[in-house]
Amino acid sequence: MKTQSLPSARAWLVCLLIGVLISGAGLHAAERFDLVINGGRVIDPASDTQAVRHIGVAAGVIEAVSDKPLRGNVEIDAHGLIVAPGFIDLHAHGQDAENYQLKALDGVTTALELEVGVGDLDDWYAQRAGKSLINYGASAGHLAARMRVFGSVDKFLPDGDAAHNPADESQIQQIRRHVEAGLQRGALAVGLGIQYTPGASRWEILEMFRAAAKYNANCHVHIRHAGEQESQSAIAALEEVLAASVITGAPLHVVHVSSMGLRGTPRLLQMIREARTRGTDVTTECYPYTASLTAIESAVFDDGWQQSLGIGYGDLQWVDTGERLTAETFARYRKSGGMVIAHSMPEAMVRETVIDPLTMIASDGLLRNGKGHPRSSGTYSRVLGRYVREQQAMSLTEAIRKMTVMPAERLAPRVPAMKKKGRLSVGADADIVVFDVQRVSDQATYEAPAKPSTGIVHVLVAGTPAVKDGRLVEGVAPGRPIRAPLP
Ligand SMILES: [Zn+2]
């Protein structure tokens, strides 16, 4: 403050008073942000913050986290609400407007397709540029690469030769080259769905891990088997990829651990915990539902599925009609193809897995024209409403950690952009969710999977409101590509 032009004692006093007022109002009193969120209870597991704080956003970035209210061109009053980093979904197959809208209404600000992944990275990112409600990104998919080498149409999941035929050495190298091409174009990770490619040898899988290791990329893996039946058990399948990670050095992320382990999931979690204590870089995720969903024509339903999954025809539910299947309808639909829900997991195991400190929350969601699995729309609100509020099975901070900083840190070594996500601190991207902890709950059901969650009040993506007062904001596309640095 300049003082030479203030000669009198009275002027000095005025000056002093102004100074006190400014410092009392905090550093940012004179500042006006693009947007502020005032009065909410900020929960930021990364900085161990759980307190009423006021957040100032400018140019898509958090510029202030203050204990004093802030001024902004847009001011959101969050009194009585929780303010958290936007949720990061590491397993989001639905990568279009329909899915992004429902995910935003579930608090998700970043949806990544890392398990199945994609074939042509440049094309995939170009299709979404400037059009997406939330942030998006993908891995280089082993399934897509294998379908390409076996000359099959580029379906979501392989069938026929691309699923069942072994690849010879030259085909394995072609598949690996496709995967490496994706990594060179900024793929976030390598995605593998080994259960969908029973023809893929262990050597072929090792080659994909070697490709990932070369680019400092994780392998996000749907393991080779589900259930407890030996010798094709989830335990054997987990051993395969733990070994691949140790041999090659590629970090391993085991997707939807509960739909692979089924009743035996605690054993898979124990194996992962033990491997971590020995220095293996392995993590895992789950969704909070007792049923899975996949394509009925896929290898998951090859002969023996009843034994390995421990279920029968009546536990399968046809997505298009909601009907439960019989031997006859199963045979018919397996020929025509389509999505089927498998009710295969005990609730107690699902709860134990969701609250286990090891697991991140990830949806595995995919809706098409409103049909699919409720996890697409309700995963995050279901964890917050059912397991945190209703059952008090874990703390709110723990749940938010599993949805934010844990997934962000998993990708950060290869993807520096993720260091600015999953946290509410100065310099972080302004991807923020504001929700009512008393009301947040999933509404989607197996019969009505596209019902939006309730209680998610505001969602910001890069500082731009995507959800306001519980409703989608029309005509905005603030979602940005998340991509590993290009060479
Ligand atoms: Zn899967």
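**Cavities in the predicted model**

**View 1. The helix α6 beside the second largest cavity.** In this predicted model, α6 provides three residues to the lining of the second largest cavity, the largest share from any element. The helix α6 spans residues 169-184, and β8 (135-141) and α4 (142-149) likewise each supply at least two residues of this lining.

**View 2. The lining residues of the second largest cavity.** Sorted by class, four of them are nonpolar, four are polar and one is charged.

**View 3. The centre of the largest cavity.** Of the two cavities of 30 Å³ or more that the structure holds, the largest has a volume of about 260 Å³. Its lining is made up of 26 residues, and those nearest the cavity centre are Tyr196, His222, Ser292, Leu293 and Thr294.

**View 4. Strands and a helix around the largest cavity.** The strand β13 gives three residues to the lining of the largest cavity, which is the largest share. At least two residues of this lining come from each of β7 (108-118), α9 (257-261), β13 (291-295) and β15 (339-343).

**View 5. Residue classes in the lining of the largest cavity.** Nonpolar residues account for 15 of the lining positions of the largest cavity, while eight residues are polar and three are charged. Among the residues that lie nearest the centre of this cavity are Tyr196 and His222.

Note on methods:
Residues numbered from 1 in each chain as written. Predicted model: local features only at pLDDT ≥ 70, side-chain atom pairs only at ≥ 80, totals over all residues. Heavy atoms only, no water. 1 Å grid on protein atoms, 1.4 Å probe; cavity = no way out; pocket = protein on both sides within 12 Å on 5 of 7 lines; lining within 4 Å. Points joined across faces, edges and corners; volume = space filled by probe spheres on them. Helix = DSSP H or I, 4+ residues; strand = E, 2+ residues; numbered from the N terminus. Nonpolar A, V, L, I, M, F, W, Y, C, P; charged D, E, K, R; others polar.
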